[in-house]
Amino acid sequence: FITSDQAENIVRDVEGTAATKRICTELLTGEYECVLCLVPIRAKVATWSCKGCFHVFHLSCVKHWAKQPESGSGKTFRCPHCQAPNNTATGYYCFCTKQSDPKYDPNIIPHSCGD
C-alpha cells in the first residue's frame, strides 16, 4: 500500500465527486473495507462496484449477497449499500467496465484500467 500523500497525488486528476475520490484514496492506501464482510479490499482481489453509489465490494461477497432472498428477486439484485437494482454480478471489470479482469498496476487506482 501507499501513503495518503502518494494516494492524493494519484487521485488528484480523478474526475468525480468527493466520495469517489475518497473511495479511490482508501483503495490505494488499503483502508477501504467491503461492507459485506468487513475485510479490507486488496488491490489484487476481484471486486464489483455499484453504478448507483460507487461502493466497492469483493466480487465473491456480492455474488453471495445476490443469491440471498433479501437482495431482490428475479434477474436483478439490490446493492447492499444504496439498494439500487443491478444486473447479476457475473465478472470482474474495471470501474468504467471497458476491461475485464483489470491487471494490477501500482501507478493507478486499484481495480481500474486507468481511464
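Biologist: Are W48 and F77 buried or exposed?

Modeller: W48 is buried, and F77 is buried as well. Keep in mind as we go that this is a predicted model.

Biologist: How many aromatic pairs turn up in the whole structure?

Modeller: Searching the whole structure gives 2 aromatic pairs. In one of them, the ring centres of W48 and F77 are 5.3 Å apart and the planes are at 55°, so the pair counts as tilted.

Biologist: Why tilted?

Modeller: Because planes over 60 degrees apart would be edge-to-face and those under 30 degrees stacked, and the rest count as tilted. The planes of W48 and F77 are at 55°, so this pair is tilted.

Biologist: And which strands do W48 and F77 lie in?

Modeller: W48 is in strand β1 (residues 47-49), while F77 is in strand β3 (residues 76-78). The pair therefore ties together parts that are 29 residues apart in sequence.

Biologist: Which residues form the aromatic cluster?

Modeller: One aromatic cluster is formed by W48, F57 and F77.

Biologist: What about W65, where is that one?

Modeller: W65 sits in helix α3 (residues 59-66). Its relative accessibility is 19%, so W65 counts as buried, the cut-off being under 20%.

Biologist: What is W65 in contact with, beyond its sequence neighbours?

Modeller: Leaving out neighbours within four places in sequence, W65 is in contact with L36, E70, S71, F77, R78, C79 and P80. F77 is also a member of the aromatic cluster with W48 and F57.

Biologist: How far apart are W65 and P85 in space?

Modeller: Their C-alpha atoms are 13 Å apart, and W65 and P85 are separated by 20 residues in sequence.

Biologist: Changing topic to helices. At what angle do α1 and α2 pack?

Modeller: Helix α1 (residues 4-11) packs against helix α2 (residues 18-29) at an angle of about 135°, with the axes 9 Å apart. That angle makes α1 oblique to α2. The crossing of the two, α1 and α2, is right-handed.

Biologist: Which residues meet there?

Modeller: From α1 there are S4, A7, I10 and V11, and from α2 there are K21, C24, T25, L28 and T29.

Biologist: Tell me about K21, then. What does K21 touch?

Modeller: Not counting residues up to four places away in sequence, K21 touches V11, R12, V14 and G16. The C-alpha atoms of K21 and V11 are separated by 6.3 Å, with the two residues 10 residues apart along the chain. K21 is in helix α2 and counts as partly exposed at 28% relative accessibility.

Biologist: Which residues does I109 touch?

Modeller: I109 touches I10, V14, C24, L28 and F95, again not counting residues up to four places away in sequence. I10 belongs to α1, and C24 and L28 belong to α2. I109 itself is found in the segment after β4, and at 10% relative accessibility it counts as buried.

Biologist: Where is H111, and is it buried or exposed?

Modeller: H111 is in the segment after β4 (85-87). H111 is buried, with a relative accessible area of 3%.

Biologist: What polar contact does the side chain of H111 make?

Modeller: The H111 side chain makes a polar contact with the side chain of Y92, at 2.7 Å.

Biologist: Where do F54 and D101 lie?

Modeller: F54 is in the loop between β1 and β2 (56-58), and D101 is in the segment after β4. F54 is partly exposed, with a relative accessible area of 45%. D101 also counts as partly exposed, at 40% relative accessibility.

Biologist: And what does F54 touch?

Modeller: Not counting residues up to four places away in sequence, F54 touches T20, I23 and S49. F54 and D13 are 18 Å apart in space, C-alpha to C-alpha, and 41 residues apart in sequence.

How values were computed:
Residues are numbered from 1 along each chain as its sequence is written. This is a predicted model: local features need pLDDT of at least 70, side-chain atom pairs count only at pLDDT 80 or more; totals for chains, interfaces and linings use all residues. Side-chain values use heavy atoms; hydrogens and water are left out. Rings of Phe, Tyr and Trp (its six-membered ring) pair if their centres lie within 6.5 Å; planes under 30 degrees apart count as stacked, over 60 as edge-to-face and the rest as tilted. Helices (H or I, at least four residues) and strands (E, at least two) are DSSP runs, numbered from the N terminus. Buried means under 20% relative accessible area, exposed over 50%, partly exposed in between (1.4 Å probe, protein chains only). A polar contact is a pair of N or O atoms within 3.5 Å; within protein, one must be able to donate a hydrogen and the other to accept it, and residues adjacent in sequence count only if both atoms are side-chain atoms. Axes are lines fitted to C-alpha atoms, for helices over the stretch in contact, and angles run from 0 to 180 degrees between N-to-C directions. Angles under 35 degrees count as roughly parallel, over 145 as roughly antiparallel, 65 to 115 as roughly perpendicular and the rest as oblique. A crossing is left-handed if the near helix is turned anticlockwise from the far one by less than a right angle, and right-handed if clockwise. Contact means heavy atoms within 4.5 Å.
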